[in-house]
Amino acid sequence: KKKKKKKKIKNLKFVFFGRFLKYKGIEKLIDIFSKDFYIKNNISLTLIGLKDKKFKLPKITTSNIDIISGWVKESEKNNILRKYDICILPYEEASQSGVIPVMFNNSIPVIVTPVGDLSNQVKNNINGLICKKKNITSIEFEIKKILNLKFFYKLRNGAIQQAIASNKNFSKNILSLYNFLK
């Protein structure tokens, strides 16, 4: 029997969203996405956020990495984020992240490193991935898992289900508040 070849995704768009600070591991992303494999397969990374005066971004030398620097207005956030397939947060340290619910509300799966409470915000292999370690090898291992088309769709579906559940909870809370106030 011939083994069925798994369909691989090309043209995948990753996004980092948040302030550009040292502890957020942005340098690792730049190192990873600068490799030939990502360039040849048209796998891109966009860094979106505010620059911090204390942290200098490494020089970007490849065409598959973009930076959108500045504050993103609340009214523009969803339209901007819908252009991306997956969010990646390679934090060195953190308690939790407000970016994760924003991504789920836009049906975008998230890859996180195992720091702080991030691993409690993401359901591993359901609506995102949790790296085993904070290093480049572990992050890249999780990135490459997503290149399997079927697995990517599974994660995307998990993020969609998370968005639906969040919206139902929000609606229930609004209804409860309305009933309480009347």
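# Close-up views of a predicted protein model

**View 1. K28 and E92 are joined by a salt bridge, with 2.1 Å between N and O.** A salt bridge here is a side-chain nitrogen of Lys or Arg within 4 Å of a carboxyl oxygen of Asp or Glu. The partners come from distant parts of the chain, 64 residues apart: K28 belongs to helix α1 (residues 26–33), and E92 to the loop between β4 (86–89) and α4 (99–105). Helices (H or I, at least four residues) and strands (E, at least two) are DSSP runs, numbered from the N terminus. K28 is buried at 16% relative accessibility, whereas E92 is partly exposed at 28%. Buried means under 20% relative accessible area, exposed over 50%, and partly exposed in between (1.4 Å probe, protein chains only). The model is predicted: local features need pLDDT of at least 70, side-chain atom pairs count only at pLDDT 80 or more, and totals for chains, interfaces and linings use all residues. Residues are numbered from 1 along each chain as its sequence is written, and side-chain values use heavy atoms, with hydrogens and water left out.

**View 2. The protein chain holds 7 helices and 6 strands.** Along the sequence these elements follow the pattern β-α-α-β-β-α-β-α-β-α-β-α-α. Of the 182 residues in the protein chain, 45% are buried. The chain exposes about 11100 Å², and 54% of this area is supplied by carbon and sulfur atoms; accessible areas come from the Shrake-Rupley method with a 1.4 Å probe, and for residues only the protein chains shown count as cover. Among contacts between residues at least 6 apart in sequence, 59% join residues at least 24 apart. A contact means heavy atoms within 4.5 Å.

**View 3. Further salt bridges involve K22 with E27 and K77 with E74.** Side chains of opposite charge can pair when their charged atoms come close. In the K22 and E27 pair, the closest N and O atoms are 2.9 Å apart. K22 is exposed, with a relative accessible area of 57%. For K77 and E74 the corresponding N and O atoms are 3.0 Å apart. Both K77 and E74 lie in helix α3 (residues 74–81), with 3 residues, about one turn of the helix, between their positions. K77 is buried at 12% relative accessibility, while E74 is exposed at 59%. Salt bridges that share partners also join K28, E92 and K134 into one network. The count of salt bridges comes to 9.

**View 4. Strand β4 has both faces covered.** I86 and I88 on one side, and C87 and L89 on the other, are all buried. β4 pairs with strand β1 (residues 13–17) in the parallel sense over 2 bridges; two strands pair if DSSP finds at least two bridges between them. In this pairing F14 stands opposite I86. Strand β5 (residues 110–112) also runs parallel to β4, joined to it by 3 bridges, and I111 in β5 stands opposite I88. From β4 the chain crosses through α4 to β5, in a right-handed β-α-β crossover. Right-handed applies if, with the strands pointing away from the viewer, the path from the first strand over the helix to the second runs clockwise.

**View 5. Aromatic rings form 6 pairs.** The rings of F37 and Y38 have centres 5.1 Å apart and planes at 85°, so this pair is edge-to-face. Rings of Phe, Tyr and Trp (its six-membered ring) pair if their centres lie within 6.5 Å; planes under 30 degrees apart count as stacked, over 60 as edge-to-face and the rest as tilted. F37 is partly exposed, with a relative accessible area of 32%, and Y38 is buried at 0%. The rings of F152 and Y153 have centres 5.6 Å apart and planes at 55°, so this pair is tilted. F152 is buried at 6% relative accessibility, whereas Y153 is exposed at 51%. Ring pairs also link F14, F33, F37 and Y38 into a cluster.

**View 6. E140 is located in helix α6 (residues 136–146).** E140 is buried, with a relative accessible area of 9%. Leaving out residues up to four places away in sequence, E140 touches I32, K35 and Y38. E140 and K28 are 112 residues apart in sequence, and their C-alpha atoms are 9.6 Å apart in space.
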